[in-house]
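This briefing covers a model with its chains, their contact and the record annotations. Please read it with the structure open.

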Amino acid sequence: MSRVGLRLLSAIPTLFGVVVVTFLLTRVLPGDPAVFFASNPAMSAADIAAVRETLGLDQPLYQQFLIYLGNLAQGDLGRSIATGQPVAAEFARRLPASAELTCLAFLLAVSVAVPLGLAAALRPGSLVDHAVRLIVTLGVSMPTFVTGLLMIYVFYVLAGVVPEPIGRLDPFLFEPARVTGFLTIDALLAGDRQILAAALHQMLLPAATMALFALAPLTRMTRAAMIATLGSEFIRTARAAGLSRGRIVVVYALRNALLPVVTTMGMVFSYMLGANVLVERVFSWPGIGAFAIDSIVNLDYAPLQGFMLIMAALFIAVNLVVDIVSAIIDPRVGH
Amino acid sequence: MTHPVHPVRQGGLRRALRGNPLNLFALALFALLCFAAAFGPLLVPHDPLATDAAAALQPPSARHWFGTDQIGRDLFSRVVVATRLDLLIALGAVSLSLVAGSALGAIIGYWGGVLDTVVSRLVDVLMAFPLFVLAMALVAALGNSVINVVYATAIVNLPFYIRLARSEVRPRRALGYVEAARAGGSGDWRILLRHLIPNIAAPLVIQASVNLGWAVLNAAALSFLGLGVRPPTPEWGIMVAEGARFIASGEWWIVTFPGLALMLAVLAFNLLGDALRDLLDPRLRR
């Protein structure tokens, strides 16, 4: 347990660095948000000065940073210029949409990639192995936004098997009472099967797009790790001891091969956080990535800052979880 | 991790090509891309910027091989002409991070000390952001232009080169040939430039070649979001973004052809990167 505590502590300097970098980056953004308002001819120079003052832009940089830190400590991420709402509230409203999509995509990717990698590893050099290699190589070369658009064309325009790829739910359906913000879970809690099905249906295409992208590294790593483990001495011993093939593969080899796979999962999950932005753009998904893009276009500091912080914090959290899970799977890592 | 420079073995290239027919395909693709980048603008049948309202949104035909977009521009010409810009951005970004990252990593690895600590911490912080998110924010911060896409892509990749160069230089500091050079009167910089850098070049070049495909993808994704390259410049990412508005009404060709070009370019770079890695680094051969 103390190791977990130490690992948690070691994330703090990085987190602080993230805050500094985020702050500096958004301060050097071109264009002064006060001037953004000045494009409105009704505003006088005094109004602009007032805006600068309320945003704290008239203070020296280090003071701005201290104010920023103080606000951050109170959970205040500032206010969005474009929507006029507190950034923290905006993100709280949008984060579930992104999280739900990313989690489903991740589950989809893992449940396809691990069996695929296993199949390839059990028969290296076979037709299955070559097919897997081809899929994997194509997968890493596919730009997420292109795959997404092509899938829309094939499954929505041509086949008509998915709903219109805009947003999380058909506009004619009512959202379930908001508990978690995850439409699927909220629909389950409300006992509304129709909404659950509709939400899943709507999520299928964007999730598949994201999963496709994650398939390659996961499959590749599962295959490599399994091949390495199956060739090791303890597997030979197990085989010599007459254990069944199924038992060797599942109980002994898979568990040992899992470690690098879990590490890759962490990497893949953080890839997906980045890819989110593109997928949300393609499918008009009302998540945090789409919001961040809008704020870049509007030179809106606070939401972009908040977005980078949330992303980095998630990223650090994922790495922490991976480390902890690795220690559980493999006792050697813990010592 | 102390190993000498790996000489490319006799016939290694030929063997790599024969061993894997995909590599030959990748090489052909790469040649095609280079050809399009070099001579494309001279050879295309139409002006990539010329609009023709009467011929808007036409599907592929004998006159317009890839069809036309919403203002009647010839997509084939645009896709071919875009090759140069897309490849230059990726190449520029990767060479920048290769040179700057290796230099910085080698320096902090050789001298260590406070500089090492500071740079290593900074690298940790940069790596705490998802790559694409950081690239987005950097372009926004530096200013929305093509050269800033190059810088952003380079900066985002810098940590990998710094770490690699640092970890390759460190164990070599006390090796015999470095000691010998020092005894022979070579200064630190001379040892670094003449003896250490050439010895760590192979893994860094491998990293760069594997990185190229990602750089192409990253740049195109940024311009897809409206960052960097501005319309009407022909560029694959922008063309896909423009076509996205028409996909739901069935005009598939505007997205498909630039998307395909992008995919093939990334595929070629990824395959060649893997092939080069196998060729230069026998340790990784499986």
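pLDDT is the predictor's confidence in each residue, on a scale from 0 to 100. This is a predicted model, in which local features need pLDDT of at least 70 and side-chain atom pairs count only at pLDDT 80 or more, while totals for chains, interfaces and linings use all residues. Residues are numbered from 1 along each chain as its sequence is written, and chains are lettered from A and ligands numbered from 1 in the order in which they are written.

**Confidence**

- Chain A has a mean pLDDT of 80, and 90% of its residues reach 70 or more.
- Where pLDDT is low, the predicted coordinates should not be read in detail.

**Chain B overall**

- Chain B contains ten helices and zero strands.
- Its C-alpha trace spans about 75 × 45 × 30 Å along the principal axes.
- Of the 286 residues in chain B, 47% are buried, where buried means that 20 or more other C-beta atoms, placed from the backbone, lie within 10 Å of the residue's own.
- Of the contacts in chain B between residues at least 6 apart in sequence, 70% join residues at least 24 apart; a contact requires C-beta atoms, placed from the backbone, within 7 Å.

**Record annotations**

- UniProt positions follow the numbering used here, feature names are shortened, and annotations may be inferred rather than shown by experiment.
- In an unreviewed entry, UniProt places the feature "domain: ABC transmembrane type-1" at residues 83-273 of chain B; this span is 82% helix and 0% strand, with its end C-alpha atoms 19 Å apart.
- The unreviewed UniProt entry for chain B lists "transmembrane region" spans including 87-110 and 252-276. Residues 87-110 of chain B are 100% helix, with end C-alpha atoms 34 Å apart, and residues 252-276 of chain B are 96% helix, with end C-alpha atoms 36 Å apart.
- For chain A, the "transmembrane region" spans in the unreviewed UniProt entry include 104-122 and 195-216. Residues 104-122 of chain A are 100% helix with ends 28 Å apart at C-alpha, and residues 195-216 of chain A are 100% helix with ends 32 Å apart at C-alpha.

**Contact between the chains**

- In the interface, 39 residues of chain A are in contact with 36 residues of chain B.
- Helices that each supply at least two residues to the chain A side include α1 (2-27), α11 and α13 (301-329).
- The chain A side has 31 nonpolar, seven polar and one charged residues, with Ala, Val, Leu, Ile, Met, Phe, Trp, Tyr, Cys and Pro counted as nonpolar, Asp, Glu, Lys and Arg as charged, and the others, Gly among them, as polar.

**Packing of α11(A)**

- Helix α11 (residues 245-282) of chain A packs against helix α5 (residues 131-142) of chain B at about 55°, with the axes 6 Å apart. Axes are lines fitted to C-alpha atoms, for helices over the stretch in contact, and angles run from 0 to 180 degrees between N-to-C directions.
- The angle makes α11(A) oblique to α5(B); under 35 degrees counts as roughly parallel, over 145 as roughly antiparallel, 65 to 115 as roughly perpendicular and the rest as oblique.
- G274(A), A275(A) and V277(A) meet L131(B), F132(B), V133(B) and M136(B), giving six nonpolar, one polar and no charged residues.
- The axes of α11(A) and α12(A) come within 7 Å and cross at roughly 85°, so the two helices are roughly perpendicular to each other.
- N276(A), V277(A), E280(A) and R281(A) of α11(A) contact G289(A), A290(A), A292(A) and I293(A) of α12(A); these residues divide into four nonpolar, two polar and two charged.

Methods: Helix = DSSP H or I, 4+ residues; strand = E, 2+ residues; numbered from the N terminus. Contact = placed C-beta atoms within 7 Å. Buried ≥ 20, exposed ≤ 12 C-beta atoms within 10 Å, placed from the backbone.
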